[in-house]
Amino acid sequence: MSISASGRRAAEFLDIAPIARMSGTLRLPGSKSISNRSLLLAGLAQGTTQLTGLLDADDVDRMRESLRTLGVRIEDDAGETAIVHGVAGDFPVRHASLFLGNAGTAFRPLTAALALSHGDYELSGAPRMHERPIGDLVDALRALGADIRYDGAAGFPPLTIAP
């Protein structure tokens, strides 16, 4: 609001005509889920993938650490950038114990990928992770022939995946 020379209030407003077209670049904040899925897909891909805009978060650190343990080479250029050297669908490491903290966005996709990887893997996490249900995913993977066992309460992590 402003006051005119006569002392009366006058409303200030701005008419904006309809916009037919816009262009530009928008940088969205990072996402744990998208970052972890991108890292996993790049790790399983053939060749080298450069990822930018990765979220700097513990969940993403757990995925990077797990992929490295499984034999994927990851070069970190900065917290938000990674160069991932894919393994062409076949993790070189066939026996591994992975600690995923409380990273559900890493635990679930890794469970699925490892269930198809013909190796012996143990997946565990923080105590809170062991309270988060994973039974529906395990049931679906078992229906596809995966050998997955619960190492604690049925329906919850930790898990053992066998070939």
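Me: What makes H2 lie across S4 and S5, and at what angle does H2 run to S4?
Reply: H2 lies across both strands, and runs at about 145 degrees to S4. Contact means heavy atoms within 4.5 Å. Axes are lines fitted to C-alpha atoms, for helices over the stretch in contact, and angles run from 0 to 180 degrees between N-to-C directions. Helices (H or I, at least four residues) and strands (E, at least two) are DSSP runs, numbered from the N terminus. The model is predicted: local features need pLDDT of at least 70, side-chain atom pairs pLDDT 80 or more, while totals for chains, interfaces and linings use all residues. Residues are numbered from 1 along each chain as its sequence is written, and side-chain values use heavy atoms, without hydrogens and water.

Me: How do you know that the span of H2 agrees with its residue count?
Reply: The expected span is 1.5 Å times one less than the number of residues. H2 (residues 58–69) has 12 residues, so it should span 16 Å; its end C-alpha atoms are 16 Å apart, which agrees.

Me: Why is Arg 62 called buried, and what is Glu 65 called?
Reply: Buried means under 20% relative accessible area, exposed over 50%, partly exposed in between (1.4 Å probe, protein chains only). Arg 62 has 16%, so it is buried. Glu 65 has 37%, so it counts as partly exposed.

Me: What makes Arg 62 and Glu 65 a salt bridge?
Reply: The term needs a side-chain nitrogen of Lys or Arg within 4 Å of a carboxyl oxygen of Asp or Glu. Here N to O is 3.2 Å, so the pair qualifies. Both residues lie in H2, 3 residues apart, about one turn of the helix.

Me: How do you know that Glu 131 is exposed, and what is its salt-bridge partner Arg 128 called?
Reply: Glu 131 has 52% relative accessibility, so it counts as exposed. Arg 128 has 46%, so it counts as partly exposed. Their side chains meet at 3.4 Å, N to O. Elsewhere, salt bridges that share partners join Asp 58, Arg 62 and Glu 65 into one network.

Me: Why are S3 and S5 called paired?
Reply: Two strands pair if DSSP finds at least two bridges between them. S3 and S5 have 5 bridges, so they pair, and they run antiparallel. Thr 49 stands opposite Val 84 in S5.

Me: What makes S3 and S4 edge strands?
Reply: The open sheet of 3 strands has the order S3-S5-S4. S3 (48–52) and S4 each have a single partner strand, so one side of each is left without a neighbour in the sheet.
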